[in-house]
Structures are given as structure tokens and as C-alpha cells.
Amino acid sequence: MRLAHEAAGEGTTLVGPPVPSRHGAGPLSGAAHLDDFVPLLVDLYGEGWCAGGNLSVLFKGAAQAGEMLHVEATPGRERARLEMRSAAMALICQGTGADHADAGSELSRRLLTQEAAPRSAIRILTGLSIGAEVHDLTLSQPGAASGAALSPSEVVELAAAACAPAIGDDLARQGQLGGVEIQFLQGPLRQGAAYVGRTRLHAITESPEAEAAWFDVLIADPKTGKDHARVTFWLRFMKAASPLWA
């Protein structure tokens with residue numbers, strides 16, 4: 001997988017053809033953008049990227065439905081820098097991609113800069129506890145039976161079934177996706193395959209605009225117990241939309 005990376009040349013930006021926005025409705029809708037980075041990551045790291053690769057993205061703006069978006073990847077020594085921009089070149093999302101487990105990914109580095117919020121500053125997420133875990137969650141893909149590899153957006157959709165058990169039904173419906181990371185551990189994940197999930201809440205943070213929950217969903221084979229992927233969610237809960245902050 002390193003050969004394609006080296007052939008591209010460190011710092012040589014790869015630019016993909018413009019792609020139409022598939023941004024839909026719902027709190028996790030931005031995850032649809034993840035699929036547009038896959039051709040560039042495969043160019044850099046080969047088809048094996050979905051076996052043990054990493055994709056980590058922060059969302060910066062919204063795209064209009066059908067808007068043509070521009071994607072690019074700039075390879076570096078440890079990871080590639082990823083960007084998606086609108087037709088007017090406004091930043092939609094940015095992140096990193098790598099062909100290995102990446103402790104220096106976009107979301108990992110962002111989490112390291114966050115200070116834990118004091119309980120006195122939290123109103124929306126008071127029911128959550130750092131370190132809380134939920135196990136043995138059945139993860140399913142409605143209507144999927146082909147055995148084809150799941151795309152990144154489909155992996156996020158699969159993991160999203162664990163959001164409500166992890167943080168509660170009401171919060172799962174209210175959260176906005178500030179960032180998401182996929183780490184393939186023994187991929188690819190397959191359509192129609194049975195998986196189980198477990199979650200762990202890493203952090204609760206706060207800013208003038210929002211409260212946020214950071215948590216992992218580990219996706220495993222129920223027969224062997226081996227983890228096949230990890231999805232890390234950064235969900236933001238806007239204060240302006242909550243009566244608790246009125």
C-alpha cells in the first residue's frame with residue numbers, strides 16, 4: 001500500500017473530478033461526503049486501504065443538494081491531507097487519510113486539544129458519563145444482502161445504530177455531526193453481514209456555541225468477537241436550539 005503513496009510524491013496534491021453533493025437530511029447527513037474521498041485514497045494506498053486504513057474528517061460547512069464539489073488529497077509522510085470545497089470554493093470538510101491506524105488523525109488531534117467541560121457548564125448532556133460503555137448491540141443494514149464492501153458512509157450508517165444506546169434516543173436525534181472517523185481494523189465490512197457493536201464515551205466538551213459528546217463505536221464479528229472497524233463520532237448539540245440554554 002505504501003508504493004502508491006510514494007509514487008504520488010509527498011506534497012503532490014491529487015485532485016478528483018467534481019462530484020455532486022449527496023448531502024441529505026438528518027443529523028449524520030454529512031457522512032455522505034466521506035465516499036467522495038475513497039477514489040483518492042485508493043489512488044494513494046491501493047485497494048487494500050479499506051482493510052486497515054483510516055479516514056478522519058471535520059465538517060466546516062454545508063453544501064446545497066446537487067452542488068458540484070471539489071475534492072483533493074495531499075500525501076504526506078504519515079497521512080494525506082483531505083479537503084472538500086463547494087463550487088464557490090468554500091470549505092465543506094477537511095481531514096486526513098492513512099493506510100494504517102493513525103493516532104495523529106484529524107479527529108484524534110482535535111480531541112487532544114479539547115478541555116473536559118466542568119459539570120457546571122453542561123445543561124444538555126447532564127445525563128451522560130465519561131467512560132460509560134454499552135455492549136452487545138446488534139448492528140444491521142436494512143435490505144443489504146449482496147456481500148459487497150460497505151462504503152465509508154454505509155459504515156457510519158451501520159455504526160449510527162449504536163448512537164441511541166450510547167447517548168439516548170432524544171440526544172441521538174438532536175446531535176449534529178461535527179466530525180467522524182473510520183478506522184478499519186479487519187476490513188472491509190460487508191453488506192448483509194451480521195455485526196455487533198459496543199460503545200465508549202470519551203469526552204464531554206463545551207464551547208460558547210455548543211456542548212459535544214465524543215464516543216467510539218467498535219464493530220465486531222459476533223462469532224469471533226474480533227473488531228472489524230471503529231467509528232468515532234463527534235456530535236455537537238447547539239445551545240441556541242435548546243430550551244435549556246434559552
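This is a predicted model: local features need pLDDT of at least 70, side-chain atom pairs count only at pLDDT 80 or more; totals for chains, interfaces and linings use all residues.
Colleague: Fine. How many aromatic pairs are there?

Modeller: The count comes to three aromatic pairs. One of them is W49 with F184, at 5.5 Å centre to centre and 80 degrees between the planes.

Colleague: What makes the W49 and F184 pair edge-to-face?

Modeller: Set the values against the cut-offs. Centres have to lie within 6.5 Å, and planes over 60 degrees apart count as edge-to-face. The pair has 5.5 Å and 80 degrees, so it meets both conditions.

Colleague: Which parts does this pair tie together?

Modeller: W49 is in helix α3 (residues 49-52) and F184 is in strand β8 (residues 176-184), so parts 135 residues apart in sequence are tied together.

Colleague: Why does W49 count as buried?

Modeller: Its relative accessibility is 2%, and the cut-off is under 20%. F184 passes by that rule too, with 3% relative accessibility, so F184 counts as buried.

Colleague: And why are W214 and W234 called stacked?

Modeller: The planes of W214 and W234 are 10 degrees apart, with 4.7 Å centre to centre. Stacked needs planes under 30 degrees apart, so the label follows. W214 lies in strand β10 (residues 210-220) and W234 in strand β11, so this pair ties together parts 20 residues apart in sequence.

Colleague: What about charges? What makes you say that the charged end of R123 sits over the ring of W245?

Modeller: The distance from the ring centre is 3.8 Å, and the rule asks for within 6 Å, plus an angle within 35 degrees of the ring normal. K239 also lies over the face of W245, at 4.2 Å from the ring centre.

Colleague: Which residues have the most contacts inside the largest nonpolar core?

Modeller: That core has 55 residues, and F37, L125, L189, F215, I219 and F233 have the most contacts inside it. Strand β11 (residues 227-238) gives the most to it, with five residues. Apart from that core lies another, of six residues, W234 among them.

Colleague: Why is β11 said to be largely enclosed by the rest of the structure?

Modeller: Because nine of its 12 residues are buried.

Colleague: How do you know that β8 and β11 pair?

Modeller: At least two bridges are needed. Eight bridges join β8 to β11, and the strands run antiparallel; one of the links takes V180 to its bridge partner in β11, F233. As for β10, 11 bridges join it to β11, also antiparallel, and E211 has F237 as its bridge partner in β11.

Colleague: Turning to helices, what puts the buried residues of α2 on the same side?

Modeller: The buried residues of α2 are L40, L41, L44 and Y45. They cover an arc of only 110 degrees around the axis, which puts them on the same side of α2. An α-helix has 3.6 residues a turn, so residues three or four places apart point the same way.

Colleague: Loops next. Is D35 buried or exposed?

Modeller: Buried: D35 has 14% relative accessibility, and the limit is under 20%. D35 is in the loop between β2 (19-20) and α2 (38-45). Leaving aside neighbours within four places in sequence, D35 is in contact with R22, S151, P152 and S153.

Colleague: Why is S146 called exposed?

Modeller: S146 has a relative accessible area of 53%, and exposed means over 50%, so it qualifies. S146 is in the loop between β7 (133-139) and α5 (152-160).

Colleague: What makes M89 partly exposed?

Modeller: A relative accessible area of 44%, which falls between the 20% and 50% limits. M89 also has phi near 70 degrees, a positive value in a residue other than glycine.

Definitions and conventions:
Residues are numbered from 1 along each chain as its sequence is written. Side-chain values use heavy atoms; hydrogens and water are left out. A nonpolar core is a set of buried Ala, Val, Leu, Ile, Met, Phe, Trp, Tyr and Cys residues joined through side-chain atoms within 4.5 Å. Buried means under 20% relative accessible area, exposed over 50%, partly exposed in between (1.4 Å probe, protein chains only). Helices (H or I, at least four residues) and strands (E, at least two) are DSSP runs, numbered from the N terminus. Rings of Phe, Tyr and Trp (its six-membered ring) pair if their centres lie within 6.5 Å; planes under 30 degrees apart count as stacked, over 60 as edge-to-face and the rest as tilted. Contact means heavy atoms within 4.5 Å. The arc is that of the directions from the helix axis to the C-beta atoms.
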